[in-house]
Amino acid sequence: MARREVQPGQKYQQTDATSVWEVMDLTKDGEGIAHARLIRVGDSTAVKMISVSALKDARLYKLVGE
């Protein structure tokens, strides 16, 4: 089953952690690879950027809300 597209406002959780991360925006790097900028829910100082393909990998992240 195909996973839905990543959109700003969606919330994800790493499969091996309890923190929830919200997608703030999407961008592409110089090689055209899509990345998502994530902010930890409850701690706006915690920011990370990961590839959209990693975020869509069910072994790494699960969609928990929008």
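1. Q13 is found in strand β1, residues 11-14. Strands (E, at least two residues) and helices (H or I, at least four) are DSSP runs numbered from the N terminus. The model is predicted: local features need pLDDT of at least 70, side-chain atom pairs count only at pLDDT 80 or more, and totals for chains, interfaces and linings use all residues. Residues are numbered from 1 along each chain as its sequence is written, and side-chain values use heavy atoms, with hydrogens and water left out.

2. Q13 counts as buried because its relative accessibility is 14% (buried is under 20% relative accessible area, exposed over 50%, partly exposed in between; 1.4 Å probe, protein chains only). Not counting residues up to four places away in sequence, Q13 touches T18, S19, V20, L60, Y61, K62 and V64 (contact means heavy atoms within 4.5 Å). A polar atom of the Q13 side chain lies 2.9 Å from the backbone oxygen of T18.

3. Strands β1 and β2 run antiparallel and are joined by three bridges (two strands pair if DSSP finds at least two bridges between them). V20 in β2 is the bridge partner of Q13. A hairpin of five residues connects β1 to β2.

4. β2 and β3 also run antiparallel, with seven bridges between them. L26 stands opposite A36 in β3. Five residues separate the two strands in this hairpin, and G32 in the turn has a positive phi of about 85°.

5. The largest nonpolar core has eleven residues, among them W21, A36, I50 and Y61 (such a core is a set of buried Ala, Val, Leu, Ile, Met, Phe, Trp, Tyr and Cys residues joined through side-chain atoms within 4.5 Å). At least two residues of this core come from each of β2 (20-28), β3 (34-40), β4 (43-51) and α1 (52-55).

Technical notes
A polar contact is a pair of N or O atoms within 3.5 Å; within protein, one must be able to donate a hydrogen and the other to accept it, and residues adjacent in sequence count only if both atoms are side-chain atoms.
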